[in-house]
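Have the sequence and the 3D view ready.

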Amino acid sequence: MAYSRIKKLANYLRPYWQIVTGGVVTLLIVNLLGVYIPLLIRDSIDDLSKSFDFQKIIYYVIVIVALASIMWFIRMISRVLLFGIGRQVEFDLKQKIFEHLLTLEPAYFSRQTSGDLINRATSDVDNVRRLVGFALLSLANTFFAYGLTLPVMLAIHIPLSIAAISVYPLMLIAVQLFSGRLQRQQKTVQEKLSHLSDLIQEDMSGITLIKIYAQEANEHLAFKQRNRKLLQANLDLVQTRNFLFPLIEALSYVSLLALLALGTRQIISDNITIGDFIALLILAERLVFPTALLGFTITAYQQGEVSIDRLETILLAEA
């Protein structure tokens with residue numbers, strides 16, 4: 001099942017493989033600059049500690065600001081490219097679903113509720129858009145961040161680098177423990193939203209009968225009940241997210257505290273320079289944001305998995 005979903009995602013992205021490649025390449029350049037700038041800061045600190053020169057300060061500041069500006073510009077390009085792919089896939093899916101629905105017999109629509117079909121063509125397509133946009137960008141950025149940053153950290157000081165990343169397995173365990181619950185809760189939210197959409201569609205189509213038989217109060221109560229169920233489903237999902245994501249971020253900052261505690265001792269023992277220590281701090285900090293986003297990325301992927309299955313049931317329906 002997982003392989004079939006990945007295959008479907010590949011089919012969604014295949015028409016835009018050139019844009020995907022361009023976005024991934026720009027992310028690679030961004031992460032290369034993100035690793036080089038801390039090393040440049042390290043060299044500047046060590047150089048200035050030996051012979052302080054105001055001209056050197058001006059030189060290093062100009063170079064660092066220039067590289068940071070280039071990094072920001074390229075990062076913006078990567079986001080425009082990869083987020084744009086999500087919008088293109090969203091457009092293609094909606095067009096494909098609409099064209100396929102036109103080929104189906106009336107018997108299919110008698111078995112399916114209008115509210116559920118509308119919800120799948122909007123909410124589920126939006127989840128797939130986030131999957132091929134935000135999740136793709138985040139996963140590629142996390143891969144490059146770890147793949148480029150960790151070797152440089154290990155080259156500077158192995159024990160400190162290991163101490164900084166020692167808590168990361170705990171993040172993976174936490175995500176694994178909560179991933180199933182997140183997926184079930186997300187599916188429940190989409191089902192409750194479909195039920196609410198069904199009621200609204202039925203009320204709008206039967207508004208005349210509702211007024212004739214004075215059923216406004218009953219329909220108001222039914223809407224309130226379904227709306228409350230949707231609210232509760234969303235609150236359950238938010239509660240799980242609000243526990244998991246801060247937990248992941250808190251664990252990531254434990255690595256920084258460990259680096260501060262152990263790094264100062266290494267400086268006092270002359271095992272590393274101040275520049276090395278500052279570079280390690282910056283490089284470790286670079287991993288905090290991708291790690292914190294990992295939870296959001298996994299959630300987007302789980303939402304996308306559920307939505308892909310729901311959309312494929314429409315696209316695979318026979319005329």
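Helices here are DSSP runs (H or I, at least four residues), numbered from the N terminus. This is a predicted model, where local features need pLDDT of at least 70, side-chain atom pairs count only at pLDDT 80 or more, and totals for chains, interfaces and linings use all residues. Residues are numbered from 1 along each chain as its sequence is written, and side-chain values use heavy atoms, leaving out hydrogens and water.

Now the pockets. A pocket is an open set of points on a 1 Å grid over the protein atoms alone, where a 1.4 Å probe fits, with protein on both sides within 12 Å along at least five of seven lines; lining residues have an atom within 4 Å of a point. A volume is the space filled by probe spheres set on the points.

| Pocket | Volume | Top contributor |
|---|---|---|
| Largest | about 240 Å³ | α2, 6 residues |

For the largest pocket, α2, α3 (54–103), α5 (114–156), α10 and α11 (288–315) each supply at least two lining residues.

What about the helix pair? α2 (residues 17–50) and α10 (residues 274–286) pack at about 160 degrees, with axes 7 Å apart. Axes are lines fitted to C-alpha atoms over the stretch in contact, and angles run from 0 to 180 degrees between N-to-C directions. The two helices are therefore roughly antiparallel (angles over 145 degrees).

Key
Angles under 35 degrees count as roughly parallel, over 145 as roughly antiparallel, 65 to 115 as roughly perpendicular and the rest as oblique.
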